[in-house]
Amino acid sequence: MGMPSLLIRLVLIIFVAHFAASKAAATRPGFIYTRTGGRCTPQFWSSRRESWPRMVPQRAAVSKVFGPGVFERYRSDVTLLESTTRNDDESAFAGLLKQASAALLNSYARKGFPYSAWEVKTLLIQALVSKEAAATQAKQFSAANEACD
């Protein structure tokens, strides 16, 4: 066995190993953290990967969008964009606002979303009566946001 045939075999082995490794890497994300989630989640809307519906600008105050009934639970200067980026989901009311904001955006932007805009607004106001009601409604909005695409 001569040196050229050994070199050819070595190059062939390296090529096959590289091809197999690149194909395996293409089928799974590896060690890089990727944010998974649909196109309807609060995380998606906070990433600004898609333009927001004109009816609800990012800088609109939550109190102007959902009505004066939210003054009791939320600051008057909280914007819709801030509400989608919140990380304080341990509070039932914060989680409700986060999921309701995404649901409102979805009601305008996604055909076939199970809630209309007025339903999202009404259900948010109704859920402000207690922590239990807020947590329950937040879960319902979250399920609709996750199922949407």
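Trainee: Is R110 buried or exposed, and what is its relative accessibility?

Mentor: R110 counts as buried, because its relative accessibility is 7%, where buried means under 20%, exposed over 50% and partly exposed in between, with a 1.4 Å probe and protein chains only. Please keep in mind that this is a predicted model, in which local features need pLDDT of at least 70, side-chain atom pairs count only at pLDDT 80 or more, and totals for chains, interfaces and linings use all residues. Residues are numbered from 1 along each chain as its sequence is written, and side-chain values use heavy atoms, leaving out hydrogens and water.

R110 sits in the loop between α5 (92-109) and α6 (117-127), helices here being DSSP runs of H or I with at least four residues, numbered from the N terminus. Leaving aside residues up to four places away in sequence, R110 touches R39, C40, F44, W45, E50 and C148, a contact meaning heavy atoms within 4.5 Å.

Two of these neighbours, F44 and W45, lead on to a group of rings, since ring pairs link F44, W45 and W52 into a cluster; rings of Phe, Tyr and Trp (its six-membered ring) pair if their centres lie within 6.5 Å. Four aromatic pairs are found in the structure. One of them joins W45 and W52, with 6.2 Å from centre to centre and 80 degrees between the planes, which is an edge-to-face arrangement (planes over 60 degrees apart). W45 is buried at 0% relative accessibility, and W52 is buried too, with a relative accessible area of 10%.

Another pair is that of Y115 and F141, whose ring centres are 5.2 Å apart and whose planes meet at 75 degrees, so this pair is edge-to-face as well. It links distant parts of the chain, for Y115 lies in the loop between α5 and α6 while F141 belongs to helix α7, 26 residues apart. Y115 is buried at 16% relative accessibility, and F141 is buried with a relative accessible area of 0%.

With residues up to four places away in sequence not counted, T84 touches P42, W45, S46, W52, K98, S101 and L105. T84 is buried at 2% relative accessibility, and a polar atom of its side chain lies 2.8 Å from the backbone oxygen of L81.

The axes of α5 and α6 come within 8 Å and cross at roughly 170 degrees, axes being lines fitted to C-alpha atoms over the stretch in contact, with angles from 0 to 180 degrees between N-to-C directions. The two helices are therefore roughly antiparallel (over 145 degrees). Residues of α5 that make this contact include F93, L96 and L104, and those of α6 include A117, V120 and L124.

α6 also packs against α7 (residues 131-147), at an angle of about 155 degrees and with the axes 8 Å apart, so α6 and α7 are roughly antiparallel to each other too. Here V120, L123 and A127 of α6 meet A133, A134, Q137 and F141 of α7.

Conventions: A polar contact is a pair of N or O atoms within 3.5 Å; within protein, one must be able to donate a hydrogen and the other to accept it, and residues adjacent in sequence count only if both atoms are side-chain atoms. Angles under 35 degrees count as roughly parallel, over 145 as roughly antiparallel, 65 to 115 as roughly perpendicular and the rest as oblique. Rings of Phe, Tyr and Trp (its six-membered ring) pair if their centres lie within 6.5 Å; planes under 30 degrees apart count as stacked, over 60 as edge-to-face and the rest as tilted.
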